[in-house]
Amino acid sequence: MYASFVEYRARIGIDECRAAINQHDAENNLKLAEESTKLANASTKDSRSLAKLQYLAIITLPLSLASSIFGMGFFSTTSSPSGEAQLLVSPSWWYYLALALPLTALTVLT
């Protein structure tokens, strides 16, 4: 009888230890969940920032390519007989737009 009472008390003690461990694990899991939420929010903000940079690159890269291909040789300056500087625009300036705009559209759509 005394042995069964001691065994009963030992089971109660073991159950209390398990309950304490489970409670400690639950508290740790809550802390981990809070940290994971913070990390997810920070990751979302980073993704938004990177998306803005990607949109900027999508727009500027084709325009830069077209500019480098043509070397921007569409403009020149000369001096008039009176000594004033004159800006001359090549009649082919629209080639730049004809190449840059479709390249930009192709980049944005793909």
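## A first look along helix H1

Ile 14 has a relative accessible area of 45%, so this residue counts as partly exposed. Its place in the structure is helix H1. The model you are looking at is predicted, and helix H1, which covers residues 2-70, is where the confidence is highest, with a mean pLDDT of 87.

## The overall layout

What pattern does the protein chain follow when read along the sequence? The order is α-β-β-α, made up of two helices and two strands. The radius of gyration is 36 Å, well over the 13 Å that the globule rule gives for 110 residues, so the protein chain is more spread out than a compact globule.

The C-alpha trace tells you about the outline too: along its principal axes it spans about 125 × 30 × 15 Å. As for burial, 7% of the 110 residues count as buried.

## How confident is the model?

Across the protein chain the pLDDT averages 85, and 96% of the residues score at least 70. Confidence is lowest in strand S1, residues 75-79, where the mean is 77.

## Two salt bridges

Now for some charged side chains. As a general point, side chains of opposite charge can pair when their charged atoms come close. In this model the count of salt bridges comes to two.

One of them links Arg 11 with Glu 7, and their closest N and O atoms are 2.4 Å apart. Why are these two residues separated by about one helical turn? Arg 11 and Glu 7 sit four residues apart in helix H1, which means a separation of about one turn. Glu 7 has a relative accessibility of 40% and therefore counts as partly exposed.

The other pairs Glu 35 with Lys 38, with 3.8 Å between the closest N and O atoms. Both residues belong to helix H1 and lie three residues apart, again about one turn of the helix. Are the two partners buried or exposed? Glu 35 is partly exposed, at a relative accessible area of 48%, whereas Lys 38 is exposed, at 53%.

## The hairpin

Strands S1 and S2 form a hairpin, with five residues between them. In the turn you can find Gly 83, which has a positive phi of about 95 degrees. The two strands run antiparallel and are joined by five bridges.

## A nonpolar patch on the surface

Which residues form the nonpolar patch on the surface? They are Phe 75, Leu 87, Val 89, Trp 93, Trp 94, Tyr 95, Leu 97 and Leu 101, and together they have about 840 Å² of accessible area.

Strand S2 (85-89) and helix H2 (94-109) each contribute at least two residues to this patch. Helix H2 gives the largest share, with four residues.

Notes:
Residues numbered from 1 in each chain as written. Predicted model: local features only at pLDDT ≥ 70, side-chain atom pairs only at ≥ 80, totals over all residues. Heavy atoms only, no water. pLDDT = per-residue confidence, 0-100. Patch = residues over 30% accessible without salt bridge, like charges linked within 9 Å, V, L, I, M, F, W, Y side chains within 5 Å. Areas by Shrake-Rupley, 256 points an atom, 1.4 Å probe, with all protein chains shown as cover. Salt bridge = Lys/Arg side-chain N within 4 Å of Asp/Glu carboxyl O. Pairing = 2+ DSSP bridges. Rg over C-alpha atoms; globule rule 2.2 N^0.38 Å. Buried < 20%, exposed > 50% of the residue type's maximum accessible area, 1.4 Å probe, protein only.
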